[in-house]
2 protein chains.
Amino acid sequence: MKLYELSLSQGRTVSPFVWRTRFCLAHKGLNPERVPISYHDKDQLAFSGQDRVPVLVDGDEVISDSWKIACYLEDAYSFAPSLFEGAQGTALMINKWADHVQLGAMFLLCSPGTYDVTQDEDKPYFAQSRYEWTGKTIDDFRAMEDEALKRTRSALEPIRQTLAEQPFIAGDAPAFADYCVMGGFMWARTTYAGQVLEDGDPVEDWRQRMLDLFEGLGRNALSME
Amino acid sequence: MKLYELSLSQGRTVSPFVWRTRFCLAHKGLNPERVPISYHDKDQLAFSGQDRVPVLVDGDEVISDSWKIACYLEDAYSFAPSLFEGAQGTALMINKWADHVQLGAMFLLCSPGTYDVTQDEDKPYFAQSRYEWTGKTIDDFRAMEDEALKRTRSALEPIRQTLAEQPFIAGDAPAFADYCVMGGFMWARTTYAGQVLEDGDPVEDWRQRMLDLFEGLGRNALSME
């Protein structure tokens, strides 16, 4: 089994989607060989029929997209602990929320730091592609840090209210919904040097619990903290 | 079994929380006696130790709060179809999202119409309490209709993206997550005469399917449509 990942300077894993998949794999007790990919060698992913990470190769199966990988793992490794606890539909809604709302806010917060840890040869590509998507330069993003932080904290309100009542988003134990949201926090942890959450925020207590899972899978990663 | 509901002029049920409970009860195949309560006779709820609807009385059990009622029904009627499909934790996050984000936006949209269908004797209470919460008069709310509509449609984006991929929020069949979000749409249907969703929105197709459930439980209710 192989997992193709985006790997930036010093082998740093920043992609929230790769992080979702790494947590899902660990939940299923799987430990694939990791294949680092840079922005400039995405043609190594051509075999998958698209150019985005993560891509999981398991025997003859080639699966891209973190949601599809989670669904594949749930079916193919149904004997291992469940990612969805039988409620895959509801998990999709949280996945869509995380993509659109959480990562939409974190995109503002994490883009400057992602630029900083991108290999020098890829920095022009990174800055240009973000400018084409948003009309903003990396320095424009840097100037929006306070707004990005405010927007990120506000977007997390439903998660905050949930975690005020139970230890994990999925309930008493972590599952896909937690890994999905944690992917965004790993993006922040690996690219943003500031404090995303205020002291006393129940989301921060949860984040610390998540960092400890699977022998510190998240905590031991190269980070800005 | 008795369900205490807020009932406005002509017996209209507007509360999104009561609607959630009515759908959950129907999902479990239950059909309690409905007890109408007006804003001015909330002291009829004193036996429940609080003053908000819905309140469910089932034998010796008295349960208030639509989330707690859903959890109670899931446990006490575990032989009937499941509301959570085993993933109660994840459902709580959708409940929190609906309360904070969906109903936060719909509060702007639905308050003027709710005032209009409130019994004349309760109109001063209704207007005054909304003014105390928000600093806005009913006419202020009316003037914000375009903004409220825009905010509501935007807030629904994660639901929209989910329903582009599967027929119900819970997946192939409706469950708690659908009833939770539908509660807000029933509030709009019973108080707002305009069109909440744009033509072609997948959320509108879902809403139509939801209105048909349980022999038209939602569709047959007194509405503004």
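1. B:Met182 touches B:Phe23, B:Trp206, B:Arg207, B:Met210 and B:Leu211, leaving aside residues up to four places away in sequence. Contact here means heavy atoms within 4.5 Å. B:Met182 sits in helix H8 of chain B, residues 176-191. Helices are DSSP runs of H or I with at least four residues, numbered from the N terminus. B:Phe23 is 159 residues from B:Met182 along the chain, with 8.7 Å between their C-alpha atoms.

2. Is B:Met182 buried or exposed? B:Met182 counts as buried because its relative accessibility is 1%. Buried means under 20% relative accessible area, exposed over 50%, and partly exposed in between, with a 1.4 Å probe and protein chains only.

3. On conventions: this is a predicted model, where local features need pLDDT of at least 70, side-chain atom pairs count only at pLDDT 80 or more, and totals for chains, interfaces and linings use all residues. Residues are numbered from 1 along each chain as its sequence is written, chains are lettered from A and ligands numbered from 1 in the order in which they are written, and side-chain values use heavy atoms, with hydrogens and water left out.

4. Chain A is assigned domain 1 (2-76) and domain 2 (88-216). Such bounds come from an automatic or database domain assignment. The contact takes 22 residues from domain 1 of chain A and 30 residues from domain 2 of chain A. Their centres, taken over C-alpha atoms, are 19 Å apart.

5. How much area do domain 1 of chain A and domain 2 of chain A bury between them? The value is about 2,300 Å², with 68% of it on carbon and sulfur atoms. Buried area is the accessible area (1.4 Å probe) that two parts lose on being put together, summed over both. A:Arg20, A:Phe23 and A:Trp67 supply 33% of what domain 1 of chain A buries against domain 2 of chain A, more than any other three residues.

6. Between domain 1 of chain A and domain 2 of chain A the count is one salt bridge. The term means a side-chain nitrogen of Lys or Arg within 4 Å of a carboxyl oxygen of Asp or Glu. A:Arg20 forms a salt bridge with A:Asp99, and their closest N and O atoms are 2.8 Å apart.

7. A:Gln119 lies in the loop between helix H3 (88-116) and helix H4 (123-134) of chain A. A:Gln119 is buried, because its relative accessible area is 17%. Leaving aside residues up to four places away in sequence, A:Gln119 touches A:Ser7, A:Leu8, A:Ser9 and A:Ser38.

Definitions and conventions
Helix = DSSP H or I, 4+ residues; strand = E, 2+ residues; numbered from the N terminus.
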